[in-house]
Amino acid sequence: MREILLLMTAAVLHELGHLLCAGILRIPFAGLSFRPCGAVMTFDFSRTSYGRELCVHLAGAGTGILTAWAALRLFGDAAVRFAGISVSLAVLNLLPVEGFDGGGALFCLLACVLPPDSTGCVCRVVSRCILLLLWTAVLWLELRMQSGTVFLLYILYLLIFYAEIVNFQ
């Protein structure tokens with residue numbers, strides 16, 4: 001139960017990082033939707049540069065890493081679990097998968113050098129490859145260590161979440 005509370009705290013701080021950055025950059029908040037394993041915030045990036053959009057995508061992970069560091073400095077060993085959860089959440093969100101912060105960041109970076117249709121195509125290919133590699137690694141771990149199916153189920157959830165985002169059929 002404690003880990004769930006720590007995860008929820010880390011997730012809220014992560015999302016607040018996005019909100020704070022978007023507010024500072026005057027990028028309108030467009031909505032919030034909840035999924036079984038997290039929340040998805042949307043912003044109106046239609047009138048902003050890719051650089052400013054990139055800042056908003058990276059702000060959640062940055063906030064997670066910063067709060068992990070601050071918690072360790074302030075509370076020492078008592079905050080190790082929270083710091084680990086917060087950094088893990090940041091790293092997971094930085095995966096270059098569409099729908100994640102890393103996918104949005106990849107799109108912004110590629111959009112600076114590629115035409116729009118190519119950018120979307122490259123992002124979809126990278127997303128599918130990363131998810132396939134992740135799913136394969138987790139399946140290998142499950143078969144090798146026989147540790148249960150929690151990770152495998154989570155990766156399957158990511159695949160379904162991804163399919164929903166890009167209408168993958």
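**Figure 1. Leu 16, a partly exposed residue of helix 1.** Leu 16 has a relative accessibility of 46% and therefore counts as partly exposed, since that class lies between the 20% limit for buried and the 50% limit for exposed. The residue belongs to helix 1. The model shown in this and the following views is predicted.

**Figure 2. A nonpolar patch on the surface that includes Leu 16.** The patch is formed by Val 12, Leu 16, Leu 19, Phe 29, Leu 32 and Phe 34. Together these residues have about 600 Å² of accessible area. Two elements, helix 1 (2-24) and strand 1 (29-35), each contribute at least two residues to the patch.

**Figure 3. Ser 86, a buried residue of helix 3.** Ser 86 sits in helix 3, which spans residues 80-93. Its relative accessibility is 2%, so Ser 86 counts as buried; the class requires a value under 20%. When neighbours within four places in sequence are left aside, the contacts of Ser 86 are Ala 10, Gly 64, Thr 67 and Ala 68.

**Figure 4. The chain as the setting of the close-up views.** Six helices and two strands make up the elements of the chain, in the order α-β-β-α-α-α-α-α from the N terminus. The chain has 169 residues, of which 37% count as buried. Of the contacts between residues at least 6 apart in sequence, 56% link residues at least 24 apart.

Conventions: Residues are numbered from 1 along each chain as its sequence is written. This is a predicted model: local features need pLDDT of at least 70, side-chain atom pairs count only at pLDDT 80 or more; totals for chains, interfaces and linings use all residues. Side-chain values use heavy atoms; hydrogens and water are left out. Patches are made of residues with over 30% relative accessible area and no salt bridge: like charges are joined within 9 Å, nonpolar side chains (Val, Leu, Ile, Met, Phe, Trp, Tyr) within 5 Å. Accessible areas come from the Shrake-Rupley method with a 1.4 Å probe; for residues, only the protein chains shown count as cover. A salt bridge is a side-chain nitrogen of Lys or Arg within 4 Å of a carboxyl oxygen of Asp or Glu. Helices (H or I, at least four residues) and strands (E, at least two) are DSSP runs, numbered from the N terminus. Buried means under 20% relative accessible area, exposed over 50%, partly exposed in between (1.4 Å probe, protein chains only). Contact means heavy atoms within 4.5 Å.
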